[in-house]
Amino acid sequence: MKREKTTIPAVKVRVLPLTWHPYLTPVDLNNATPAQRIAMQVTPSSTHVSPYVRTLAHDPDSYVARTTLFNAIMYSDGGLGRAERELGALVASAVNGCAYCGSVHARRYETLSGRNDVVSAIYTRGLDAPFDEKTQALVDFCRALSQTPVALEPHHVTALRQQGFNDADIIDLVHSAAIFGWANRLMHTLGHSQRR
């Protein structure tokens with residue numbers, strides 16, 4: 001069913017940062033094992049050793065495998081643009097109801113793309129908001145993949161190709177949305193978020 005085009009409201013939403021609080025006691029840096037210390041040198045986006053990193057470091061082998069894959073998907077050079085990867089993560093997080101990841105990736109998407117209109121539309125009208133055709137194709141694709149992979153149909157791929165995405169871009173988009181099925185669940189089951 002073809003959706004009617006409506007004008008996106010001219011509101012500007014400011015996405016506030018949230019703080020994540022773990023349910024498990026994070027690894028104490030002073031008492032970390034050698035394996036945990038080595039593992040914590042691999043951080044998401046090469047930033048800092050957060051409570052989330054220290055919580056996942058209880059299992060250093062799994063943590064390193066997870067974070068190496070995450071960084072390869074979200075921060076590698078070439079292929080799909082960083083902004084589109086962040087939008088894929090935002091849509092997946094919206095479907096999965098992960099406020100913390102949604103907040104982080106909304107802000108990164110806005111910074112990389114300069115598109116507050118897309119973030120505002122998602123925050124004020126949800127994923128049913130009308131978007132420009134390229135954004136709509138990406139949102140519909142990641143939404144279907146995140147709801148259940150069998151909801152993803154050939155027309156979703158066709159819509160992306162019509163907007164200039166090539167096969168490598170589409171694979172990158174699958175990776176960025178799919179890893180948030182995992183990332184969101186880690187955040188949800190290991191802690192909760194609240195406003196700073």
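What are the percentages of helix and strand over residues 60-108, and how far apart are the end C-alpha atoms? Over residues 60-108 the chain is 84% helix and 0% strand, with 27 Å between the end C-alpha atoms. Helices (H or I, at least four residues) and strands (E, at least two) are DSSP runs, numbered from the N terminus.

The model is predicted: local features need pLDDT of at least 70, side-chain atom pairs count only at pLDDT 80 or more, and totals for chains, interfaces and linings use all residues. Residues are numbered from 1 along each chain as its sequence is written, and side-chain values use heavy atoms, leaving out hydrogens and water.

**View A. The UniProt domain range, residues 60-108.** The unreviewed UniProt entry lists these residues as "domain: Carboxymuconolactone decarboxylase-like". UniProt positions are given in the numbering used here, feature names are shortened, and annotations may be inferred rather than shown by experiment.

**View B. Helix 3 and its buried residues.** Helix 3 has 16 residues and reaches 21 Å from its first C-alpha to its last, close to the 22 Å expected at 1.5 Å a residue. The expected span is 1.5 Å times one less than the number of residues in the helix. Its buried residues are Pro 60, Tyr 63, Arg 66, Thr 67, Phe 70, Asn 71, Ile 73 and Met 74. They fall within an arc of 165° when seen down the axis of helix 3, so they line one face of the helix. Buried means under 20% relative accessible area, exposed over 50%, and partly exposed in between (1.4 Å probe, protein chains only). The arc is that of the directions from the helix axis to the C-beta atoms. An α-helix has 3.6 residues a turn, so residues three or four places apart point the same way. The cover over the buried residues of helix 3 includes helix 1 (34-39), helix 2, helix 4, helix 5 and helix 9. Contact means heavy atoms within 4.5 Å.

**View C. Arg 85 in helix 4.** At 1% relative accessibility, Arg 85 counts as buried. Leaving out residues up to four places away in sequence, Arg 85 touches Ala 72, Ile 73, Met 74, Ser 76, Gly 78, Gly 79, Leu 80, Asp 172 and Ser 176. Its C-alpha atom is separated by 9.5 Å from that of Asp 169, 84 residues apart along the chain.

**View D. Helix 5 and the residue just after it.** Helix 5 has 15 residues and reaches 21 Å from its first C-alpha to its last, close to the 21 Å expected at 1.5 Å a residue. Buried in helix 5 are Cys 101, Gly 102, Ser 103, Val 104, His 105, Ala 106 and Tyr 109. What covers them includes strand 1 (18-22), helix 3, helix 4, helix 6 and helix 9. Just after helix 5, Gly 114 takes a positive phi of about 70°.

**View E. Val 119 in helix 6.** Val 119 is buried, at 0% relative accessibility. Apart from residues up to four places away in sequence, Val 119 touches Val 15, Ala 106, Tyr 109 and Glu 110. The C-alpha atoms of Val 119 and Val 104, 15 residues apart along the chain, are 12 Å from each other.

**View F. Thr 135 in helix 7 (residues 133-147).** Thr 135 is buried, with a relative accessible area of 5%. Its side chain makes a polar contact with the side chain of Asp 132 (2.8 Å). A polar contact is a pair of N or O atoms within 3.5 Å; within protein, one must be able to donate a hydrogen and the other to accept it, and residues adjacent in sequence count only if both atoms are side-chain atoms. Beyond its neighbours within four places in sequence, Thr 135 is in contact with Leu 87, Arg 115 and Val 118.

**View G. The largest nonpolar core.** This core has 50 residues, and those with the most contacts inside it are Leu 87, Leu 160 and Phe 180. Helix 9 gives the most to this core, with nine residues. A nonpolar core is a set of buried Ala, Val, Leu, Ile, Met, Phe, Trp, Tyr and Cys residues joined through side-chain atoms within 4.5 Å. Not counting residues up to four places away in sequence, Leu 160 touches Ala 137, Leu 138, Phe 141, Phe 165, Ile 170 and Leu 173.
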